[in-house]
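Please read these notes with the model open beside you. They are meant as a colleague's working comments.

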Amino acid sequence: MNVQIHPSWKNLLQDEFEKPYFKSLVEFVKTEYTNHQCFPKGADIFAAFDKATLDKVKVVILGQDPYHGPGQAHGLCFSVNDGIAFPPSLINIFREIEEDLGKPFPKTGSLEHWAEQGVLLLNATLTVRAHQAGSHQNKGWETFTDAVIEKLSKEKENLVFMLWGGYAKKKGAKINKTNHLVLTSGHPSPLSANRGYWFGNKHFSLANKYLQEKGEKPINW
């Protein structure tokens, strides 16, 4: 696995790619993809960075693991390829947008149009073995994605970070809350959402209000 990532991110992240933990991670991922079915496909591992170039990033949404069923994961957290049934968390995201912004339920589960507007859809772990949730956790990806969050917090201003659920909130520990808007709520998964920790968070309208106040174009959710 050669590290193929959009050139706009290279300077920011090059030092991470040189660290021993990342080199070990690359070897682990290569071995896994050789010996097992893994997701997303190799070319999509860094899709979140390719779709949302560094200069464009305005919003960061944190997921945990890629989807581990066939045809679902394509490198953007919570997003699925066109034609794939919407997973429960994604349904709840769309329901909240419908309630918050009055936008109708979309026909596709792909969130590429968010990414292209500057929404970094970042999973904490960027790969997974088929049908085995969490199988690539604690191999180095979390260290890398922590570094991404910390560097974004330091290098950019007026970003919106959406941290959904306890895991994402912990990942946000190094975000400078003076320079950025940090929105937190429960996770959109049915377990959390049905207990009242997700619906009504209004994160999508709050993000757009903040971006407009900072002179940025709002996101077309």
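1. Basis. This is a predicted model, in which local features need pLDDT of at least 70, side-chain atom pairs count only at pLDDT 80 or more, and totals for chains, interfaces and linings use all residues. Residues are numbered from 1 along each chain as its sequence is written, and side-chain values use heavy atoms, with hydrogens and water left out.

2. Sheet order. Four strands form an open sheet in the order E3-E2-E5-E6, with parallel pairing. E3 and strand E6 (181–185) are the edges, each pairing on one side only. On average, neighbouring strands are turned by 20° against each other, direction ignored. Strands (E, at least two residues) and helices (H or I, at least four) are DSSP runs, numbered from the N terminus. Pairing requires that DSSP finds at least two bridges between two strands.

3. Strand pairs. E2 (residues 59–63) pairs with E3 over five bridges, in the parallel sense. Within that pair, Ile61 has Leu121 of E3 as its bridge partner. E2 also runs parallel to E5 (residues 160–164), joined by three bridges. Here Val60 is bridged to Phe161 in E5.

4. Strand E3. All five of the five residues in E3 (residues 119–123) are buried. Buried means under 20% relative accessible area, exposed over 50%, and partly exposed in between (1.4 Å probe, protein chains only). In a regular strand the side chains alternate between the two faces of the sheet. Val119, Leu121 and Asn123 point one way from E3, while Leu120 and Leu122 point the other way.

5. Helix H6 on the sheet. H6 lies across E2, E3 and E5, and runs at about 150° to E3. Axes are lines fitted to C-alpha atoms, for helices over the stretch in contact, and angles run from 0 to 180 degrees between N-to-C directions. Contact means heavy atoms within 4.5 Å.

6. H1 against H6. The axes of H1 (residues 7–17) and H6 (residues 141–155) come within 11 Å and cross at roughly 140°. The two helices are therefore oblique to each other. The classes are roughly parallel under 35 degrees, roughly antiparallel over 145, roughly perpendicular from 65 to 115, and oblique for the rest. H1 passes H6 in a right-handed crossing. A crossing is left-handed if the near helix is turned anticlockwise from the far one by less than a right angle, and right-handed if clockwise. The contact residues divide into eight nonpolar, no polar and four charged. Ala, Val, Leu, Ile, Met, Phe, Trp, Tyr, Cys and Pro count as nonpolar, Asp, Glu, Lys and Arg as charged, and the others, Gly among them, as polar.

7. H2 against H6. H2 (residues 20–35) and H6 have axes that come within 9 Å and cross at roughly 130°. This crossing is left-handed. Tyr21, Phe22, Leu25 and Val29 of H2 meet Trp141, Thr143 and Phe144 of H6. By class, that contact has six nonpolar, one polar and no charged residues.

8. Phe204. Is Phe204 buried or exposed? At 0% relative accessibility, Phe204 counts as buried. Phe204 lies in H9 (residues 203–213).

9. Phe199. Phe199 sits in the loop between H8 (190–193) and H9. Phe199 is partly exposed, with a relative accessible area of 29%. Leaving aside neighbours within four places in sequence, Phe199 is in contact with Asn92, Arg95, Glu96 and Ala193.
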